[in-house]
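Please read this briefing with the sequence and the 3D view side by side.

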Amino acid sequence: MLVVKLKDAMERYHRKTGQKLTYAKLADMTGIADSTFRKIGSILGYHTTLANVEKICRALEIVPGDLLELIDDPAETEPSPKKTPKSKTKRKKTAKKKKKKSTKKKKSTNRKTKKK
């Protein structure tokens, strides 16, 4: 999963330039909504656009490698709960019910009604 290290990049910019950045200031510099910066800064693995990455990199005078980090996805590393398969008899009964319902519908739609 790609993670946007926005807070780290903003801190490095502050150390480099002496200028403290807020999301509002960064929004003014880039044209990106400050609400987007709040999401990027707080949601792990937030999916932002490459256009936004480019604007952030240009404003902070960094390269994408300074802003992005590839980490293991926590959802992929956790073992998934085992699902118990349905018994074959339940599957057959469910299939028969569905078949009966579909034949009933066909019969009712095949009737021709004559209007006089």
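In helix H3, which spans residues 34-42, the residues Thr36, Phe37 and Ile40 are buried, where buried means under 20% relative accessible area, exposed means over 50%, and partly exposed lies in between, with a 1.4 Å probe and protein chains only. Seen down the axis of H3, its buried residues fall within an arc of 100°, so they line one face of the helix; the arc is that of the directions from the helix axis to the C-beta atoms. This is a predicted model, in which local features need pLDDT of at least 70 and side-chain atom pairs count only at pLDDT 80 or more, while totals for chains, interfaces and linings use all residues. Residues are numbered from 1 along each chain as its sequence is written, and side-chain values use heavy atoms, with hydrogens and water left out.

**Helix H3 and its surroundings**
- Helices (H or I, at least four residues) and strands (E, at least two) are DSSP runs, numbered from the N terminus.
- The buried residues of H3 pack against strand S1 (2-4) and against the helices H1 (6-17), H2 (23-30) and H4 (50-60), contact meaning heavy atoms within 4.5 Å.

**How H2 meets H3**
- The axes of H2 and H3 are 8 Å apart, and the two helices pack at an angle of about 120°; axes are lines fitted to C-alpha atoms, for helices over the stretch in contact, and angles run from 0 to 180 degrees between N-to-C directions.
- H2 and H3 are therefore oblique to each other, since angles under 35 degrees count as roughly parallel, over 145 as roughly antiparallel, 65 to 115 as roughly perpendicular and the rest as oblique.
- On the H2 side, Tyr23, Ala24, Leu26, Ala27 and Thr30 meet Asp34, Phe37, Arg38 and Gly41 in H3.

**Val4 in strand S1**
- Val4 has its place in strand S1, and at 14% relative accessibility Val4 counts as buried.
- Although Val4 and Leu44 are 40 residues apart in sequence, they are 7.9 Å apart in space, C-alpha to C-alpha.
- Leaving aside neighbours within four places in sequence, Val4 is in contact with Ile40, Thr48, Leu67 and Leu68.

**Helix H4**
- Asn52, Val53, Ile56, Cys57, Ala59 and Leu60 are the buried residues of H4.
- Seen down the axis of H4, these buried residues fall within an arc of 165°, so they line one face of the helix.
- The exposed residues Leu50 and Arg58 are carried on the face of H4 turned away from its buried side.
- Glu61, which follows H4, has a positive phi, near 55°.
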